[in-house]
Amino acid sequence: MAFAWYWPDDPVFIFPLPDPVPAKWLVTFLVGVDLVLAFLGVSDGVAHPAHLGGVAAALLYLKGRQWHEMRGERRGRQMSESSVLVSQPPRVSRSGSMPPRAAKGGARGDTDPRASAEIDRVLDKISAGGVESLTPAERKFLTEISRRLRTPPKP
């Protein structure tokens, strides 16, 4: 059941058959045979209801696992989007002049070159693979840098 869940179209070779059968059709056939034999009450020494119970338990487990993974991805995405803040580009006033901090090079001009290079690398990684591609250390770095850049400089 799990094999057919993860690789439904992968071929499975059955001895007397000349061609392989996709895993999803093999499992469907075997479940169908077990259903028919269980309803007919055939006493062939095989516990067909137990096989069906195993298939049902496997389906519940796999579906629950899929649900749990999807829920975790959604939660992780929400947390990462709210914790990683990238500042907006400096605004230009109607007169064409920039705010004093932006005129000096902006918030990134205040950071050391190594931090600026790391910011660029992490932002390039986000552009290429999305926020989900960041490691926990990169997320922590961006959170810390954004916190530092948001706080106004002390006079």
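Buried means under 20% relative accessible area, exposed means over 50%, and partly exposed lies in between (1.4 Å probe, protein chains only). This is a predicted model, in which local features need pLDDT of at least 70, side-chain atom pairs count only at pLDDT 80 or more, and totals for chains, interfaces and linings use all residues. Residues are numbered from 1 along each chain as its sequence is written, and side-chain values use heavy atoms, leaving out hydrogens and water.

Now to the charged pairs. Side chains of opposite charge can pair when their charged atoms come close. A salt bridge here is a side-chain nitrogen of Lys or Arg within 4 Å of a carboxyl oxygen of Asp or Glu. The structure holds seven of them.

One joins Asp 9 to Lys 24, with the closest N and O atoms 2.9 Å apart. Asp 9 sits in the loop between helix 1 and strand 1 (11-12), and Lys 24 sits in helix 2 (residues 23-40), so the pair ties together parts 15 residues apart in sequence. Helices (H or I, at least four residues) and strands (E, at least two) are DSSP runs, numbered from the N terminus. Asp 9 is exposed at 52%; Lys 24 is partly exposed at 33%.

Next, look at helix 3 (residues 48-83), which holds both Glu 69 and Arg 65, four residues apart, about one turn of the helix. Their closest N and O atoms are 3.4 Å apart in a salt bridge. Arg 65 is partly exposed, at 37% relative accessibility. Glu 69 is partly exposed too, at 42%.

Finally, Glu 118 and Arg 121 meet in a salt bridge (2.8 Å, N to O).
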